[in-house]
Amino acid sequence: MSNLIKDNAIVADEWVRVIPPALGEETVRKQAGKVVLFKLTGEATYTPEQVAATKIPSTGKVLLPLDVWLANKDQLASRVNQGEVGLLIATHEPVENLLKAVTDINSFPLVAVFVERFPDGRIFSIGNLLRTRYGYKNELRAVGDVLRDQLFFLKRSGFNSYLIRADRSAEDALKSLQDFSQPYQGAVDMAQPVWRRVQRQGA
Amino acid sequence: MYKYDAIDQQIVNERVAQYRDQTSRYLTGQLSDDEFRPLRLQNGLYIQRHAPMLRIAVPYGMLSSKQLRKLGDIAKRFDKGYGHFSTRQNLQLNWPKLEDTPDILAELATVEMHAIQTSGNCIRNITTDQFAGIAPDEVIDPRAMAEVMRQWSTFHPEFALLPRKFKIAVSGTKQDRAIVQAHDIGMEFYLDSNNKVAIKVWGGGGLGRTPILGTVIREHIEWQHALTYCEAIIRVYNLHGRRDNAYKARIKILVKALGIDEFRRQVEEEWQHLKDGPNTITEAELQRVAQHFEPMPYENLPAHDAGFDTAIASNPAFAAWAKRCVHPHKQAGYRAVTLSLKPHGKAPGDATSEQMWAVADLSDEFSFGELRVSHEQNLILSDVKLSDLFALWEKARAHGLATPNIGLLTDIICCPGGDFCSLANAKSIPIAEAIQMQFDNLDYLHDIGDLELNISGCMNACGHHHVGHIGILGVDKDGSEWYQVTIGGKQGNDASIGSVIGPSFSAEEMPGVVQRLVEVYLNERTPEERFIDTVRRLGIAPFKAHVYQAKEAA
């Protein structure tokens, strides 16, 4: 059973997410004796060696980290034209990097944002910017630590697909997309705040 | 005050259902501790030392008698018959059962209340002046805007998981009583040169581990832009604030790191995209909300009342109370009254169910059925007739709510501390009680005059110790509880952060330390000086000398 929700339904995932190999031991960063859980905005995700060692499947739809695509841009040009390339950034990568790297973001049928830990709310601002500022219209997917209780916020921030963490049920998660019927503020999915959408009592 | 319409009611009802489901998934093992934590926190539920603690939102400190009665009922049914009013104008229950919390929320929803975003890394309850709408020095009543902002911030999808908590205060008076400078965003409303309502926006303030007073981010912005401008600030913070270290995650650290000019530049750049967008407030929406905050149906009364004057002249106890607990009012013949939740020897800010019911009755009888919670942790009846004050005082006194100590040393602002809170390094309530007993002589207390004493049980500074004239901070030294003392902190337009006087003290030493600080003041003061003025004039040296001289002699 697929764990992908797209536009309010569970669907099969046609995309293969390409993950650069871990080369050697990853160093655990600590601060004040505590493990650092979140990367700083702007921190690099992969080393050039990792990017170079990444193997891209030669056929089918591939979801590539931005760095991997940049390193293989020329070879992948025809596959981009065929709609076989999706791009992925992590929440600590500035979304501007993605926009600078492409001439037309809408030539990619899929953009995904990877959230390593669900409390990382940068994903919401990134979704919002992609939709409202950079005019991205195609599938916007949340991947990583994607859990049911954040779906409503993700939806309102412009995401329309969600790859639910493997150990959780996508079916259960679907319910949360309907948590609130009339949210107060304008956001991506409903741009108008409630007082512009409906006649409120006393208005 | 604001009354819910069908939309508001539906949101709190849907929230109850959502939270009930989350809690049941947690209790059946479908959600891990780590996954449930942010969910319960965004609903004000902490897992504490003895039991969970539930923080109930009192938006900008306003309550109806019906709501307070319900809070009294909830405290009786689900807790040990009392609640604690906090420095963010909220109510905390110290002993609810986790499995009862969905039912508590359902009860709250019946009186248009909730616990949404009273904790967690999101936009918290918006606070303001407890005298909003009635203060003689008020320029703009900030409550309608506070309500518009409450609705906008409720489940704001983009800002649901910020790097750290985010506190907003609004104020519309010449004399700031909302400590706007100690907030992540402080909005000071004023009339601009065109006589239009405008906002001076402060940012990057906050107490906690690294106390910093805010800086003005923008001197002038029209009220319509309040939400989009906040969105610009919070978006910059959400994307760039540090998440790698919880102690460096508040917006104040980002503002310091970038420098105010660069921070301001980024906010302005972001705002250019958001300005005039859909969240721009319309005149119609502000009016819809503002009609709930129209002045009360006051009677036309003379400025003086003979009965009141006679009672003041003939009853010294009433006169002492009126001096400390009765405050001026915009409307002739009316006063605001603070009911002290600081009786000597009791936990500051605590109220029993019986007291809540009594205050609800008093507000029905004397103050149009509404009341306020102050960030100094007292309750306020905002619209009392001068001619009713004596009757009110007698009834309040019978319920232990008329200690004449507002603004005095024993009106201590205090967090729950190590008796309840799992974050605390040290107990705070027993320190407050011991100090109150040390200064139990009312004549002496009144002679000392205005003095704000704040106690926090840890660095998180819920007791706002940094801005207390005397601030006491619980610290942990090798597993035992010690107290660090600061003096010279102050809230208001000329806010300041207090200075540490020296090495910390044991709990038993604390009443004596406060005593010695007061002695220096009483010896050195000029006739017009308050404690804080003397500290500002002399600096901390003479206070330090007197306190530690005693310590060495001991």
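Leaving aside neighbours within four places in sequence, B:Val359 is in contact with B:Leu68, B:Leu339, B:Leu371, B:Leu379 and B:Leu401; two residues are in contact if their C-beta atoms, placed from the backbone, lie within 7 Å. The model is predicted, so local features need pLDDT of at least 70 and side-chain atom pairs count only at pLDDT 80 or more, while totals for chains, interfaces and linings use all residues. Residues are numbered from 1 along each chain as its sequence is written, and chains are lettered from A and ligands numbered from 1 in the order in which they are written.

B:Val359 belongs to the largest nonpolar core, which has 207 residues; A:Ala142, B:Ile233, B:Val359 and B:Leu517 touch the most other members. A nonpolar core is a set of buried Ala, Val, Leu, Ile, Met, Phe, Trp, Tyr and Cys residues joined through C-beta atoms within 7 Å. A residue is buried if 20 or more other C-beta atoms lie within 10 Å of its own, exposed if 12 or fewer, and partly exposed in between, with C-beta atoms placed from the backbone. In soluble globular proteins, nonpolar side chains tend to be buried together.

## Overall form of the chains

Chain B contains 18 helices and 20 strands, and chain A contains eight helices and 10 strands. Helices (H or I, at least four residues) and strands (E, at least two) are DSSP runs, numbered from the N terminus. For chain A the radius of gyration is 18 Å, close to the 17 Å that the globule rule gives for 203 residues, so chain A is as compact as a globular protein of that length. The radius is taken over C-alpha atoms, and the rule is 2.2 Å times the number of residues to the power 0.38. For chain B, with 554 residues, a compact globule would have a radius of gyration near 24 Å, and the value of 23 Å agrees.

Along the principal axes, the C-alpha trace of chain B spans about 60 × 60 × 55 Å, and the C-alpha atoms of chain A fill a box of roughly 65 × 50 × 35 Å. In chain B, 57% of the 554 residues count as buried; in chain A, buried residues make up 38% of the 203. Among contacts between residues at least 6 apart in sequence, those joining residues at least 24 apart make up 67% in chain B and 62% in chain A.

## Interface between chains A and B

In total, 38 residues of chain A are in contact with 36 residues of chain B. On the chain A side, α5 (122-133), α6 (151-156) and α8 (194-197) each supply at least two residues. The largest share, five residues, comes from α5(A). By class, this side has 17 nonpolar, 13 polar and eight charged residues. Ala, Val, Leu, Ile, Met, Phe, Trp, Tyr, Cys and Pro count as nonpolar, Asp, Glu, Lys and Arg as charged, and the others, Gly among them, as polar.

## Helix α5 of chain B

Helix α5(B) (residues 143-153) is largely enclosed by the rest of the structure, because 11 of its 11 residues are buried. Those residues include B:Arg143, B:Glu147, B:Arg150 and B:Trp152. The buried residues pack against β6 (127-128), β7 (168-171), β8 (185-191), α6 (226-240) and α9 (283-290) of chain B. After the helix comes B:Phe155, whose phi is positive, near 55 degrees.

The axes of α5(B) and α9(B) come within 9 Å and cross at roughly 110 degrees, which makes the two helices roughly perpendicular. Axes are lines fitted to C-alpha atoms, for helices over the stretch in contact, and angles run from 0 to 180 degrees between N-to-C directions. Angles under 35 degrees count as roughly parallel, over 145 as roughly antiparallel, 65 to 115 as roughly perpendicular and the rest as oblique. B:Ala144, B:Glu147 and B:Val148 of α5(B) meet B:Glu285, B:Leu286, B:Val289 and B:Ala290 of α9(B). These residues divide into five nonpolar, no polar and two charged.

## Helix pair α1 and α4 of chain B

Helices α1 (residues 6-27) and α4 (residues 101-109) of chain B pack at an angle of about 175 degrees, with their axes 9 Å apart. The pair is therefore roughly antiparallel. The contact involves residues including B:Val16 and B:Tyr19 of α1(B) and B:Leu105 and B:Ala106 of α4(B).
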